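Biologist: Please walk me through this model, one feature at a time. Give me the general idea, then the case at hand.

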Amino acid sequence: MFEKVSPYDLNDNVFKLIGKDWMLITAGTMDDFNMMTASWGHLGIMWNLPVAVCYIRPQRYTFGFANKYNDYTLSFFDESHRDILHFCGTKSGRDFNKLKETGLVPVETEAGNIYYEQASLVLECRKIYQDDMREDNFIRKEISDKNYPKKDFHRFFFGEIVNVFSRSIQPR
């Protein structure tokens with residue numbers, strides 16, 4: 001079972017957690033949600049709040065859900081679920097029933113947000129700021145050229161981490 005813990009008790013290496021292990025970004029309610037795999041993001045403190053920042057390109061199906069709903073979750077999995085993350089990062093919820101295809105079991109938080117029974121760590125986030133990346137703000141233009149050849153710049157969402165559910169951290 002999951003234990004509810006403070007975000008200040010997290011002891012994972014966030015560079016590995018996000019960049020190497022990956023995560024599922026999920027937005028919506030049990031009746032209307034989608035998820036996508038991401039390997040870009042941030043965890044930290046902003047405006048004196050624990051925050052998670054996720055990035056979603058406008059063509060992703062999850063983009064509409066993230067814009068529509070005020071909350072999102074970030075679900076992290078152990079390596080045995082890499083195939084789920086791969087599928088959810090390469091297939092669109094427009095075309096596939098990701099739950100059926102992967103065996104993911106959705107779980108609803110008290111606030112009505114969705115995470116997955118198979119996850120090992122979940123961050124439940126309430127949006128507090130969003131904006132779109134813009135080409136003219138890149139100081140190193142080669143980064144923009146390399147990562148956005150189609151000019152499909154991410155929208156980023158700052159979310160206050162309102163709950164953390166973990167299988168491996170003992171609460172204080």
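**Reading the model**

Modeller: Start with Met-46, which counts as partly exposed because its relative accessibility is 33%. The scale, for a 1.4 Å probe and protein chains only, is this: buried is under 20% relative accessible area, exposed is over 50%, and partly exposed is in between. Now the ground rules. The model is predicted, so local features need pLDDT of at least 70 and side-chain atom pairs pLDDT 80 or more, while totals for chains, interfaces and linings use all residues. Residues are numbered from 1 along each chain as its sequence is written, and side-chain values use heavy atoms, without hydrogens and water.

Biologist: Where is Met-46 found, and which residues does Met-46 touch?

Modeller: Met-46 is in strand S4. Strands (E, at least two residues) and helices (H or I, at least four) are DSSP runs, numbered from the N terminus. Contact means heavy atoms within 4.5 Å. Not counting residues up to four places away in sequence, Met-46 touches Val-51 and Phe-158. Met-46 and Phe-158 are 112 residues apart along the chain, yet their C-alpha atoms are separated by 8.9 Å.

Biologist: How do I read a core?

Modeller: A nonpolar core joins buried Ala, Val, Leu, Ile, Met, Phe, Trp, Tyr and Cys residues through side-chain atoms within 4.5 Å. The largest one here has 24 residues. Ile-25, Ala-52, Ile-56, Tyr-72, Leu-74, Phe-76 and Leu-123 touch the most other members. Elements supplying at least two residues each include H1 (14–19), H2 (61–68), S5 (49–56) and S9 (121–132). A second, separate core has 15 residues, among them Phe-2, Phe-33, Met-35 and Ala-119.

Biologist: Which residues of H2 are buried?

Modeller: An α-helix has 3.6 residues a turn, so residues three or four places apart point the same way. In H2 the buried ones are Thr-62, Phe-63, Phe-65 and Ala-66. They lie on the same side of H2 because they cover an arc of only 165° around the axis, taken from the directions from the helix axis to the C-beta atoms. They pack against S2, S3, S5, S9 and S10.

Biologist: What about pockets?

Modeller: Rolling a probe the size of a water molecule over the atoms shows where empty space is left. A pocket is an open set of points on a 1 Å grid over the protein atoms alone, where a 1.4 Å probe fits, with protein on both sides within 12 Å along at least five of seven lines; lining residues have an atom within 4 Å of a point. The largest pocket holds about 290 Å³, a volume filled by probe spheres set on points joined across faces, edges and corners. Of its 14 lining residues, Thr-37, Ala-38, Ser-39, Arg-60 and His-154 are closest to the centre. H3 gives the largest share of the lining, four residues.

Biologist: Is Ile-114 buried or exposed?

Modeller: Ile-114 counts as buried, at 1% relative accessibility. It is found in S8.
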